[in-house]
Amino acid sequence: MADKSMEGLNTFTAQDSATVDASRKLRVAIIGCGWIADAHIKAYLAQPDVEIVAGADLIPGKAAAFFAKHGIEGVKTDYASHKELIDDKSLALDAVSVCTYNRQHAAPAIYALENGINVLLEKPFTVTLDEAVEVMRAEKKSGKVLSIGFQPRLDENMKMIKKIVQSGELGQIYYIQTGGGRRRGIPTPFGTSFIEDATAGIGALGDIGCYSLDMVLNAIGYPKPLTVTGYKSNFFGTDPNYCGYKASKRAEYASKFGVDDFAAAFVRLEGGIILDFRISWAMNMDTPGDTIILVTQGGLLIPSTECWNGTVGGPMKIYHEVCGQQVCTEIPIINMKKGLFDLKIRTFLDAVKNGTPAPVPSSQILYNQAIIDGIAKSAELGHEIEIEIPEI
Ligand SMILES: NC(=O)c1ccc[n+]([C@@H]2O[C@H](COP(=O)([O-])OP(=O)(O)OC[C@H]3O[C@@H](n4cnc5c(N)ncnc54)[C@H](O)[C@@H]3O)[C@@H](O)[C@H]2O)c1
C-alpha cells in the first residue's frame, strides 16, 4: 500500500516558538474574519516571527472589528473581498489563512496561490472534488505551500493510531468502521453559514465527517478510494421544532437548512479495504459507534467523542491473541502540552519558512474530498458510483 501519509503530519514536528528565528518575520493576512479566524489569530500572535498585516471580510466593518477585538493595530482591512486584499501588492504577503465558509474555500485559495502566496486553508478542503482539483492545479503551478486545516492530526493520540497500524504488528487491514457524531448538535450559534447551501454546501459531512475520514485514512496511508454507496438526510435540520432552533428562538433556520445533518457510506479502497462510515449532527442515538480497525492479527478500537471534534474519546484498545488467549491491551491517553491550533499554525509557518512540504498535504486530502463528493453524488443518484479523480 502506498503510504501517501508519510508526506504528512506524523513525520512533522513543530519548531518550538522559543527557538524560532524571529529576525525573519512572515507577513500574514486573514481572509474571512468569523468564528474560526479567532483561533488562527490567537495562534499567530503567539509566534515571534509573524506580522499580521491585513484582513478581509465580505461583511463591511467585520475585519476591522475583528482586529480591534484582538487589540491589533495598524492592520489594513479596507477590502471588499479576498480579491482586493490579494491585489494589494503593497502588503508583500508571505501567507494567508483562508477562514471563509466552505463555498468560499476554493476561490480565495486559488487566487492567493496564483499570486505566489502560501495558503493555510481551513477544512473541509472544498465542497466538491472538482474545486479541490482546481485548487491543486493552482498549487502545482505556484510551487507554494498549501496546507489544509486538519489540526486533530497533530494530537499525539491520533499519531499513535498511525504508529500502531503502520507497525505491521497487527497484520493486514481489511475493514474499518469510522465516524460518529452528535445526538443534537447542528452548529448555528454564529448564524447560518454552516447550514445554508449557498455558504456551507455540505453539512455534517464537511464539518466533522472529514475529520473522521482523516483519522483512519491518514493512519492507513491514504489509499485511493474506488467506489462509494452514499446516503445523506436532513430530517432534523429542516424541522422547525428542532430543539436547537427552539432554544435560540430561530424556527426560521429550518427553511434555510440546505445541507446534510446525517450521512453514511460504504466505500471500497485500494488494497481491498472496506470503509464503513457514518456521521451525524443530529440523530436519535447517542453514538453510531466507535471507530474500529480490523486487522488480521488484531483489532483497534478508538472510542468516539460525544461531540465528534476529531479526536479520540478515551483510551484505545487493541484486541489480540497471546499464547492462544484472547486479550485486550489498553493504550493510555497521551496528554498534549501544546494546543492543536498553535501546532497547526507553527507547522504551516515552518513549511513556508523552510520551503518544506505542507504539514497536511492536499495530495492526501484530495482522497478525503473525493469520498465526500462521492457520497453526495451517490446519495443523489441512489446507487453505487465509481470515484474518478481527474489528473492534477
Ligand atoms: N479547524 C477547525 O477546528 C474549524 C472549526 C470551525 C470552523 N472551521 C472551518 O472554518 C470555516 C469558517 O467557519 P466559521 O465558523 O469561521 O464561519 P463564519 O461564518 O463565522 O466566518 C466566515 C467568514 O468568512 C467571510 N467570507 C466569506 N467569503 C469571503 C471572501 N471571499 N472574502 C472575504 N471574506 C469572506 C464571511 O463573511 C464570514 O464572516 C469553515 O469552512 C469551517 O468548516 C474549522
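1. Contacts between helices H5 and H11. In this predicted model, Leu129, Ala132, Val135, Met136 and Glu139 of helix H5 meet Ser362, Leu366, Gln369, Ala370 and Asp373 of helix H11. Helix H5 covers residues 129-142, and helix H11 covers residues 362-381.

2. Geometry of the helix pair. Two packed helices are described by the angle between their axes and the distance between the axes. The axes of H5 and H11 come within 9 Å and cross at roughly 165°. Because angles over 145 degrees count as roughly antiparallel, H5 is roughly antiparallel to H11. As for its hand, the crossing of H5 and H11 is left-handed.

3. Strand E3 and its side chains. Turning to the strands, a reader may wish to look at E3, which spans residues 95-98 and from which Ala95 and Ser97 point one way while Val96 and Val98 point the other way. Residues on both sides, including Ala95 and Val96, are buried.

4. Neighbours of E3. Strand E1, residues 26-31, runs parallel to E3 and is joined to E3 by four bridges, with isoleucine 30 having serine 97 of E3 as its bridge partner. Strand E4, residues 118-121, likewise runs parallel to E3, and four bridges join E3 to E4; here the bridge partner of valine 96 is valine 119 in E4.

Technical notes
Residues are numbered from 1 along each chain as its sequence is written. This is a predicted model: local features need pLDDT of at least 70, side-chain atom pairs count only at pLDDT 80 or more; totals for chains, interfaces and linings use all residues. A residue is buried if 20 or more other C-beta atoms lie within 10 Å of its own, exposed if 12 or fewer, and partly exposed in between; C-beta atoms are placed from the backbone. Helices (H or I, at least four residues) and strands (E, at least two) are DSSP runs, numbered from the N terminus. Two strands pair if DSSP finds at least two bridges between them. Axes are lines fitted to C-alpha atoms, for helices over the stretch in contact, and angles run from 0 to 180 degrees between N-to-C directions. Angles under 35 degrees count as roughly parallel, over 145 as roughly antiparallel, 65 to 115 as roughly perpendicular and the rest as oblique. A crossing is left-handed if the near helix is turned anticlockwise from the far one by less than a right angle, and right-handed if clockwise. Two residues are in contact if their C-beta atoms, placed from the backbone, lie within 7 Å.
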